[in-house]
Amino acid sequence: MAIIAFNYGKRPLGHGEGGGVGNAFQTLMCRVDYRDVLSYSTGTFCILDIPAGTAITRSYFIVETTWTSGGSATMQIQESTGSNVVMISATDGAVSNMAEGVVLAAPTGDGSDVLSNVLTHADNFHTAARTVDFITGVADWTAGVGVLVVEYVVIPQ
């Protein structure tokens, strides 16, 4: 199954016509099948592109079908700049937490926004484009489907 990504404007910023920035808040969503990342066992798989001039605010991984592994597989969701913006940690994304119906939320399963952890997410805003990456570790996945939702805000330039 291929990954399908959607991008929708959510909430306009500002007042009326010409008085604000429309669709400043954006949502990206994609479905990830374990087969999409199978050849990336213990590696990095690029899932989504985040445009330049944005700050990631929230992310969720919704487990549609239980993820299984022949070992102790993990998944981590993070952005590509290496600035420690981890949206779903490998601890939260352990095979033991990937049962059908589970919703993993950034940064540590508490449902708060990514920016709430100032020390590890202070470098969230970037003027350059970047990617959201699915990083697998420890062992191969053998089954599972989930939906990744990433919310971000476009900073008016």
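1. Let me start at Thr74, which sits in strand β7 (helices, H or I of at least four residues, and strands, E of at least two, are DSSP runs numbered from the N terminus). Thr74 is buried, with a relative accessible area of 15%; buried means under 20% relative accessible area, exposed over 50%, and partly exposed in between, with a 1.4 Å probe and protein chains only. Beyond its neighbours within four places in sequence, Thr74 is in contact with Ala90, Gly93, Ala94, Ile135, Thr136, Gly137, Val138 and Trp141, where contact means heavy atoms within 4.5 Å.

2. Before going further, a word on the basis: this is a predicted model, in which local features need pLDDT of at least 70 and side-chain atom pairs count only at pLDDT 80 or more, while totals for chains, interfaces and linings use all residues. Residues are numbered from 1 along each chain as its sequence is written, and side-chain values use heavy atoms, with hydrogens and water left out.

3. Please look next at Met75, also found in strand β7. Met75 counts as buried, at 0% relative accessibility. Its contacts, leaving aside neighbours within four places in sequence, are Phe61, Ile88, Ser89, Ala90, Gly93, Met98, Leu104, Phe134, Ile135 and Trp141. With Ile135 the C-alpha separation is 5.4 Å, although Met75 and Ile135 are 60 residues apart along the chain.

4. Now the overall layout. The protein has two helices and eleven strands, and along the sequence they follow the pattern β-β-β-β-α-β-β-β-β-β-α-β-β. Of the contacts with a separation of 6 or more, 75% are between residues 24 or more positions apart.

5. Which strands make up the open sheet, and in what order? Four strands form it in the order β5-β10-β7-β8, with antiparallel pairing (two strands pair if DSSP finds at least two bridges between them). Its edge strands are β5 and β8, each of which pairs on one side only. On average, neighbouring strands of this sheet are turned by 25° against each other, direction ignored; the axes are lines fitted to C-alpha atoms, for helices over the stretch in contact, and angles run from 0 to 180 degrees between N-to-C directions. Within this sheet, β5 and β10 are joined by six bridges, and Asp49 stands opposite Thr131 in β10.

6. With β11, β6 pairs in the antiparallel sense over twelve bridges, and Thr68 stands opposite Ala143 in β11. Three bridges join β6 to strand β9 (residues 103-105), again antiparallel, and the partner of Phe61 in β9 is Leu104.

7. The largest nonpolar core has 28 residues, and Trp67 and Phe134 touch the most other members. Here a nonpolar core is a set of buried Ala, Val, Leu, Ile, Met, Phe, Trp, Tyr and Cys residues joined through side-chain atoms within 4.5 Å. Elements that each supply at least two residues of this core include α1 (34-37), β6 (54-69) and β11 (141-154). In soluble globular proteins, nonpolar side chains tend to be buried together.

8. Why are there zero disulfides in the structure? The sulfur of Cys30 has its closest cysteine sulfur in Cys46, and the 9.6 Å between them is too far for a bond, since a disulfide is a pair of cysteine sulfur atoms within 2.5 Å. Cys30 counts as buried at 1% relative accessibility, whereas Cys46 is partly exposed, with a relative accessible area of 40%.

9. Two loop residues complete my list. Ala24 lies in the loop between β3 (19-21) and β4 and is buried at 1% relative accessibility. Val138, in the loop between β10 and β11, is exposed at 62% relative accessibility. Its phi is near 75°, a positive value in a residue other than glycine; most residues other than glycine have a negative phi.
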